[in-house]
Amino acid sequence: MKYRIALMMASIFILGFMPVADASEEDTTLTKEQLVQKRMDYYIQHENILLPWYYLAAVDQFERNIQEVRKDIPKRESVIAIQFSDEFWSGILNPSGEDTSPVSIAYFNGSGMDGNGDGVADRSDDRDVLYTLANYLRQYGYGEDNFKLALWDYYKNELSVNQILVIAKLYEKFGTINLDNHTFPLSTHADYSYRGTWGANRGWGGRRIHEGTDIFAPYNTPVYSTSYGVIEVMGWNQFGGWRVGIRDNHNSYHYYAHLAYFQKGLKEGDIVEAGQVIGYVGSTGYGKEGTAGKFPPHLHYGIYKYNGRTEWAFDPYPALARWEKEAKQRKQ
């Protein structure tokens with residue numbers, strides 16, 4: 001019995017490192033649904049007992065996210081977004097940064113591998129790229145702690161590691177990478193009003209600009225999460241009062257402030273989905289914990305984007321207007 005179990009585990013381990021034989025060509029003209037399915041197919045093909053598919057998907061999505069907002073990184077026009085440096089792929093001492101020979105790459109301690117069995121380690125081939133990532137991650141062993149260590153050794157950035165873990169948790173929870181739905185943070189049937197207030201002057205606590213949009217509504221109006229995400233921050237802030245910060249799968253941090261109170265049972269680390277109630281409109285903030293009533297009740301909503309290096313605020317008004325329109329259309 002012990003021999004059969006050991007043989008089975010060895011087989012699984014070996015199969016996890018075998019190239020995936022798939023000779024299909026990439027097609028960047030796929031519909032969104034077809035593209036999502038093809039990515040899922042790739043992730044499933046390269047997972048095994050040591051490496052769940054959502055770890056591969058999270059790294060791929062993170063790379064896609066930063067390519068969309070970084071001018072210094074070329075956008076990889078393919079199904080898989082992951083890109084590797086010459087040094088990582090071919091080896092630091094390899095005289096050929098474009099080496100495609102698995103033999104010479106291994107000789108120079110490069111990480112590039114042949115993932116489709118054609119004898120070439122090609123960085124332009126999605127299967128070779130994903131197989132190389134899978135092999136790199138498996139070397140660190142099983143479990144989240146080892147996954148975090150592998151990410152740290154590669155990115156050397158705690159924010160990047162945390163963002164990828166958020167994406168992985170979301171994919172694991174919902175069993176899909178198709179988590180792009182958004183919604184307006186209040187019911188469109190509620191009594192509310194808002195306009196673009198980005199960059200307006202704010203004086204309490206020192207001169208600063210308004211990094212968000214204020215949506216005025218009556219006390220206790222339910223506030224929805226605009227996206228899928230993980231609650232990263234929850235509690236009191238002297239500026240924002242009772243506030244919630246949620247990080248999504250697109251490297252965006254959604255900030256909800258001045259709440260009257262939180263939805264019962266929610267806590268930091270919880271996973272939420274678009275349209276889920278997270279709190280209620282209030283007028284808290286601008287003072288010590290519990291301060292309220294220094295301004296009319298409203299929701300302060302902000303979005304911050306992380307690009308792999310820094311995180312910055314941007315005007316959420318255009319997104320809010322779009323989500324409001326879409327929410328109204330869904331209810332027609």
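**Entry 1. The cavity lining**

I sorted the residues lining the largest cavity by type and found 10 nonpolar, no polar and no charged. For this sorting, Ala, Val, Leu, Ile, Met, Phe, Trp, Tyr, Cys and Pro count as nonpolar, Asp, Glu, Lys and Arg as charged, and the others, including Gly, as polar. I note that this is a predicted model, in which local features need pLDDT of at least 70 and side-chain atom pairs count only at pLDDT 80 or more, while totals for chains, interfaces and linings use all residues. Residues are numbered from 1 along each chain as its sequence is written, and side-chain values use heavy atoms, with hydrogens and water left out.

I then listed the lining: Val 59, Phe 84, Phe 88, Leu 133, Tyr 136, Leu 137, Ala 150, Leu 151, Tyr 154 and Tyr 155. Helix H6 (126-138) and helix H7 (144-155) are the elements that give two or more residues to this lining. H7 gives the most, with four residues. Helices (H or I, at least four residues) and strands (E, at least two) are DSSP runs, numbered from the N terminus.

I looked up the cavity itself. The structure holds one cavity of 30 Å³ or more, and the largest cavity contains about 50 Å³ of space. A cavity is a set of points on a 1 Å grid over the protein atoms alone where a 1.4 Å probe fits but cannot get out, and lining residues have an atom within 4 Å of a point. Grid points are joined across faces, edges and corners, and the volume is the space filled by probe spheres set on the points.

**Entry 2. Helix H8 and its ends**

I followed the chain to the loop between H7 and H8, where Lys 156 is placed. Lys 156 has a positive phi of about 55 degrees, although it is not a glycine. Asn 157 caps the N-terminal end of H8, with a side-chain oxygen 2.9 Å from the backbone nitrogen of Leu 159; a polar contact is a pair of N or O atoms within 3.5 Å, one able to donate a hydrogen and the other to accept it, and residues adjacent in sequence count only if both atoms are side-chain atoms.

H8 (residues 158-174) has 17 residues and reaches 25 Å from its first C-alpha to its last, close to the expected 24 Å. The expected span is 1.5 Å times one less than the number of residues. I found buried residues in H8, among them Val 161, Ile 164 and Leu 165; buried means under 20% relative accessible area, with a 1.4 Å probe and protein chains only. Gly 175 follows H8 and has a positive phi, near 70 degrees.

I asked why strand E11 (residues 298-306) is described as largely enclosed by the rest of the structure. The description holds because nine of its nine residues are buried. His 298, His 300, Gly 302, Tyr 304 and Tyr 306 point one way, and Leu 299, Tyr 301, Ile 303 and Lys 305 the other.

I checked the pairing, for which DSSP must find at least two bridges between two strands. Strand E4 (residues 213-216) runs antiparallel to E11 and is joined to it by four bridges; Ile 215 has Leu 299 as its bridge partner. Strand E8 (residues 252-262) pairs with E11 in the antiparallel sense over six bridges, with Ser 252 opposite Lys 305. E11 and strand E12 (residues 311-314) also pair in the antiparallel sense, over four bridges, and Trp 312 is the partner of Lys 305 in E12. E11 and E12 form a hairpin with four residues between them, and Gly 308 in the turn has a positive phi of about 95 degrees.

Definitions and conventions: 1 Å grid on protein atoms, 1.4 Å probe; cavity = no way out; pocket = protein on both sides within 12 Å on 5 of 7 lines; lining within 4 Å. Buried < 20%, exposed > 50% of the residue type's maximum accessible area, 1.4 Å probe, protein only.
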